[in-house]
Amino acid sequence: MSILTKKWVKTLVMAERLGMSPTALCRKAKKDLDSNDGYLKKGVHYNQLGEGDNSPFYWNVERTEEVFANWGAPVQEVQQ
């Protein structure tokens, strides 16, 4: 099975697809995990095998790419 047809991939593969470092990608997940209000949701966008800080992450390709495609500050309408 090719990487492009897998639903869940390791951090290195997901980071390469998004054009970012694996460290930056994991930081975004951990930040959202700590604040519980971020874009990335555990069980939806990623899963972490194990409870330790160094436990590997696996990413849902479709859902994670969707989040990053729409990532950004909210657009405020300008009233005229």
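**Close-up views of the predicted model**

**View 1. His45 lies in the loop between α2 and β2.** Helices (H or I, at least four residues) and strands (E, at least two) are DSSP runs, numbered from the N terminus. The model is predicted, so local features need pLDDT of at least 70 and side-chain atom pairs count only at pLDDT 80 or more, while totals for chains, interfaces and linings use all residues. Residues are numbered from 1 along each chain as its sequence is written, and side-chain values use heavy atoms, with hydrogens and water left out. His45 has a relative accessible area of 8%, and is therefore classed as buried (buried, under 20% relative accessible area; exposed, over 50%; partly exposed, in between; 1.4 Å probe, protein chains only). A polar atom of the His45 side chain lies 2.8 Å from the backbone nitrogen of Lys41. Not counting residues up to four places away in sequence, His45 touches Trp8, Tyr39, Leu40, Tyr58, Trp59, Asn60, Arg63, Thr64 and Val67, contact meaning heavy atoms within 4.5 Å.

**View 2. Three strands form an open sheet in the order β1-β3-β2, with antiparallel pairing.** β1 and β2 are the edge strands, each pairing on one side only. From one strand to the next, the twist averages 30 degrees. Two strands pair if DSSP finds at least two bridges between them. β1 (residues 8-10) pairs with β3 (residues 57-60) over three bridges in the antiparallel sense. Here Trp8 stands opposite Asn60, and Lys10 has Tyr58 as its bridge partner. β2 (residues 46-48) also pairs with β3 in the antiparallel sense, over three bridges; the bridge partner of Tyr46 in β3 is Trp59.

**View 3. Helix α1 lies across β1 and β3.** α1 runs at about 95 degrees to β1; axes are lines fitted to C-alpha atoms, for helices over the stretch in contact, and angles run from 0 to 180 degrees between N-to-C directions. Helix α3 (residues 61-69) packs on the sheet, touching β1 and β3, and its direction makes about 75 degrees with that of β3. In α1 (residues 11-18), the buried residues are Thr11, Val13, Met14 and Ala15. Gly19 follows α1 and has a positive phi, near 75 degrees.

**View 4. Leu40 and Trp59 touch the most other members of the largest nonpolar core, which has 14 residues.** A nonpolar core is a set of buried Ala, Val, Leu, Ile, Met, Phe, Trp, Tyr and Cys residues joined through side-chain atoms within 4.5 Å. The elements giving two or more residues to this core are α1, α2 (22-35), β3 and α3. In soluble globular proteins, nonpolar side chains tend to be buried together. Leaving aside neighbours within four places in sequence, Trp59 is in contact with Lys7, Trp8, Val9, Lys10, Thr11, Met14, Leu25, Ala29, Leu40, His45, Tyr46 and Thr64.

**View 5. The protein has three helices and three strands.** Along the sequence, the pattern reads β-α-α-β-β-α. Of the 80 residues in the protein, 28% are buried. Among contacts with a separation of 6 or more, 50% are between residues 24 or more positions apart.

Conventions. A polar contact is a pair of N or O atoms within 3.5 Å; within protein, one must be able to donate a hydrogen and the other to accept it, and residues adjacent in sequence count only if both atoms are side-chain atoms.
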